[in-house]
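I opened the model to go through its strands, its metal site and its packing. These are my notes, in the order in which I looked things up.

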Amino acid sequence: MNSVAAKLAGFAAALAVLFGVGALAGGLLDASAPGGDAAASDAPAHGTSKDDAMQTMNQTGSEAGGHGAQMPVRGLAVAENGLRVVVDDPELKRNETERLRFRIVGRDGETVRDFDVEHTKRMHLIVARRDLTGFQHLHPTMDADGTWTTNLRLRDAGSYRLFADFSHDEEPTTLAADLRVDGRADLQALPAPAGTATSDGGYEVALDRTTATAGEESELRFTVTKDGLPVKTEPYLGAGGHLVALREGDLAFLHVHPMEDAHGGEAAGGEGSIGFESTFPTTGSYRLFLQFKIDGRIQTVAFTQEVR
Ligand SMILES: [Cu+2]
């Protein structure tokens with residue numbers, strides 16, 4: 001473990017913070033101070049408005065009637081809520097499919113094996129490169145001893161952030177760790193905000209607005225079309241769509257769910273439209289990763305969101 005830590009020391013071990021948003025009513029944790037430090041040495045040069053006060057964002061608003069709004073910030077680091085993520089071997093070969101193994105370990109040193117089902121799964125694994133390219137959302141399987149395993153292929157060299165998103169004892173938790181692919185990282189600047197983007201399966205997706213105000217609840221509405229015609233998405237993870245937002249620079253993590261999540265996953269606003277309620281905690285640039293399902297296939301599309 002120490003040698004692993006040493007290998008990773010030269011890489012950005014940026015602080016990351018989880019903000020659960022949306023319909024995760026109940027069972028949310030209080031804000032806890034995230035650990036870690038941000039030496040984002042291989043972060044993209046783009047981006048000027050690094051926030052200073054991200055960790056202390058603390059929403060104390062009332063429970064705004066069901067879904068939407070509220071969500072205390074959850075600290076995001078290797079350890080949180082007495083739990084930590086232990087990755088077997090965080091070094092992967094470039095562009096090769098490898099078995100990634102990790103465990104969640106409790107305060108007592110025991111590997112956690114009992115996880116709650118959240119969004120139809122017991123473990124959600126998000127991986128993204130430091131420059132917010134290479135997004136993946138995976139669902140590993142757990143062995144009897146508590147080891148989670150998934151195939152993972154990282155296409156490009158560089159430092160990646162892994163987020164293990166789960167609930168244990170009804171406490172939603174997201175732990176982060178770094179992965180590394182050897183080689184010279186050719187980091188990309190964050191794309192400029194654009195109102196439309198094409199999913200990896202060729203669907204046109206429009207985002208109704210690409211700016212938001214920090215600390216204010218905003219609705220993000222995505223419309224999916226094909227050849228100019230609206231397309232209705234199929235249920236995915238118990239909802240009309242799945243949205244993860246990562247903040248540029250520190251890769252703070254927002255897990256946002258559709259407003260209708262609590263009511264059985266009907267997409268908001270009718271055909272081809274998926275609505276989310278989100279409160280971006282700070283100014284900065286965020287990359288939104290929307291996933292939805294059509295004809296049994298998961299589509300992924302990304303947008304840049306400016307928060308002022
Ligand atoms: Cu998932």
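**Entry 1**
I started with Leu 237, which lies in the loop between S17 and strand S18 (242-247). Strands here are DSSP runs of E with at least two residues, helices are runs of H or I with at least four, and both are numbered from the N terminus. Leu 237 is not a glycine, yet it has a positive phi of about 55°. Its relative accessible area is 10%, so I list Leu 237 as buried. Buried means under 20% relative accessible area, exposed means over 50%, and partly exposed is in between, with a 1.4 Å probe and protein chains only.
I then looked up Asp 227, in the loop between strand S16 (217-226) and strand S17 (229-230). Asp 227 also is not a glycine and has a positive phi, of about 50°. Asp 227 counts as exposed because its relative accessibility is 75%.

**Entry 1. What I am working from.**
The model is predicted: local features need pLDDT of at least 70, side-chain atom pairs count only at pLDDT 80 or more, and totals for chains, interfaces and linings use all residues. Residues are numbered from 1 along each chain as its sequence is written, and side-chain values use heavy atoms, with hydrogens and water left out.

**Entry 2. The chain as a whole.**
I noted 1 helix and 22 strands in the protein chain. Of its 308 residues, 54% are buried. I took contacts (heavy atoms within 4.5 Å) between residues at least 6 apart in sequence, and 69% of them join residues at least 24 apart.

**Entry 3. The copper site.**
Which residues coordinate the copper ion? I found His 124 through ND1, and His 137 and His 139 through NE2, at 1.8 to 2.0 Å. Donors are N, O and S atoms within 2.8 Å of the metal (3.2 Å for Na, K and Ca); water is not among the atoms, so sites may look incomplete. The spacing of the donor residues in sequence is H-x12-H-x1-H. His 124 is in strand S7 and His 139 in the loop between S8 and strand S9 (141-142), so this pair ties together parts 15 residues apart in sequence. His 124 is buried, because its relative accessible area is 2%. His 139, at 26% relative accessibility, therefore counts as partly exposed.

**Entry 5**
I traced an open sheet of 5 strands in the order S5-S12-S11-S7-S8, with mixed pairing. Two strands pair if DSSP finds at least two bridges between them. Strand S5 (91-92) and strand S8 (136-138) are the edge strands, each pairing on one side only. Within this sheet, S7 (residues 124-129) and S11 (residues 158-168) are antiparallel over 6 bridges. Ile 126 is opposite Phe 163 in S11.
Another open sheet of 5 strands has antiparallel pairing and the order S3-S4-S6-S10-S9. Strand S3 (79-80) and S9 each have a single partner strand, so one side of each has no neighbour in the sheet. S3 is antiparallel to strand S4 (residues 83-87), with 2 bridges. Glu 80 has Leu 83 in S4 as its bridge partner.

**Entry 4. Around strand S14.**
In strand S14 (residues 204-207), Val 205 and Leu 207 make up the covered face, while Glu 204 and Ala 206 make up the uncovered one. S14 is antiparallel to strand S13 (residues 196-198) over 3 bridges, and Thr 198 is opposite Glu 204. The hairpin formed by S13 and S14 has 5 residues between the strands, and Gly 202 in the turn has a positive phi of about 90°. S14 also runs antiparallel to S16, joined by 4 bridges. There, Ala 206 has Thr 223 as its bridge partner.

**Entry 5. Nonpolar cores.**
A nonpolar core is a set of buried Ala, Val, Leu, Ile, Met, Phe, Trp, Tyr and Cys residues joined through side-chain atoms within 4.5 Å. The largest has 25 residues, of which Leu 100, Phe 102, Ile 104 and Leu 179 touch the most other members. S4, strand S6 (97-105), S7, strand S10 (148-153), S11 and strand S12 (171-181) each give two or more residues to this core. A second, separate core has 24 residues, including Ala 197, Leu 288, Phe 303 and Val 307.
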